[in-house]
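Subject: Structure handover, with notes on its salt bridges

Dear colleague,

I am passing on the structure below, and I would be glad if you could look through it alongside these notes.

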Amino acid sequence: MSNLPPPISHKVHPTALNARTVSRLLEVEFDDGKRFELPFELMRVYSPSAEVRGHGEGQEVLQIGKRLVSITGIEPVGNYAIKPIFTDDHSTGIFTWEYLYWLGMHQAALWQDYLARLQAADYAGEAGRDAIPAPKVGSKCGS
């Protein structure tokens, strides 16, 4: 994930947030007028958690089988972020407003990066989006 765009450097604040579970999209609107529809799959694949990103460069874990992931709940984190609870039991990613904005601004490039990483891992086409992940072994990060 080293070829990703740099983070945004300005503060943003949401004016609207709506999780659409049927279409699996998070609608988020910001105070500068920008509005994004973020697919739950994209959010899950680019979760800012250590479980996905690891603890440093090169420790990222490619997420597979997330095409149909949904969100069962969203918890506020102070006034600066949300913590989505995904249907695959992932709930450790804290999405700041700036990170959600970044996902929205760069989702086309991020999507292409994700598909390229799936292909590099020998998943033909978009097969990795439907692959069945191996069962988790051992303890979770921070346990």
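This is a predicted model: local features need pLDDT of at least 70, side-chain atom pairs count only at pLDDT 80 or more; totals for chains, interfaces and linings use all residues.

Residues are numbered from 1 along each chain as its sequence is written, and side-chain values use heavy atoms, with hydrogens and water left out.

Side chains of opposite charge can pair when their charged atoms come close. Taking a salt bridge to be a side-chain nitrogen of Lys or Arg within 4 Å of a carboxyl oxygen of Asp or Glu, the structure holds 12 of them.

One of these joins E41 to R129, with the closest N and O atoms 2.6 Å apart. This pair links distant parts of the chain, since E41 lies in helix α1 (residues 40–45) and R129 in the segment after α4 (107–120), 88 residues apart; helices (H or I, at least four residues) and strands (E, at least two) are DSSP runs, numbered from the N terminus. E41 is buried, at 5% relative accessibility, and R129 is buried as well, at 11%, where buried means under 20% relative accessible area, exposed over 50%, and partly exposed in between (1.4 Å probe, protein chains only). Leaving aside residues up to four places away in sequence, E41 touches K66, R67, V69, W111, Y114 and R129, a contact being heavy atoms within 4.5 Å.

Helix α1 also contains R44, which forms a salt bridge with D88, and here the closest N and O atoms are 2.8 Å apart. D88 sits in the loop between β5 (81–86) and β6 (95–96), 44 residues from R44, and this pair too links distant parts of the chain. R44 counts as buried, at 2% relative accessibility, whereas D88 counts as partly exposed, at 24%. Salt bridges that share partners join E41, R67, E126, R129 and D130 into one network.

A further salt bridge connects E27 and R35, with the closest N and O atoms 3.3 Å apart; E27 is buried, with a relative accessible area of 15%, while R35 is partly exposed, at 44%.

Finally, an unreviewed UniProt entry lists residues 20–101 as "domain: Gamma-butyrobetaine hydroxylase-like N-terminal"; UniProt positions are given in the numbering used here, feature names are shortened, and annotations may be inferred rather than shown by experiment. Over residues 20–101 the chain is 18% helix and 33% strand, and the end C-alpha atoms are 18 Å apart.
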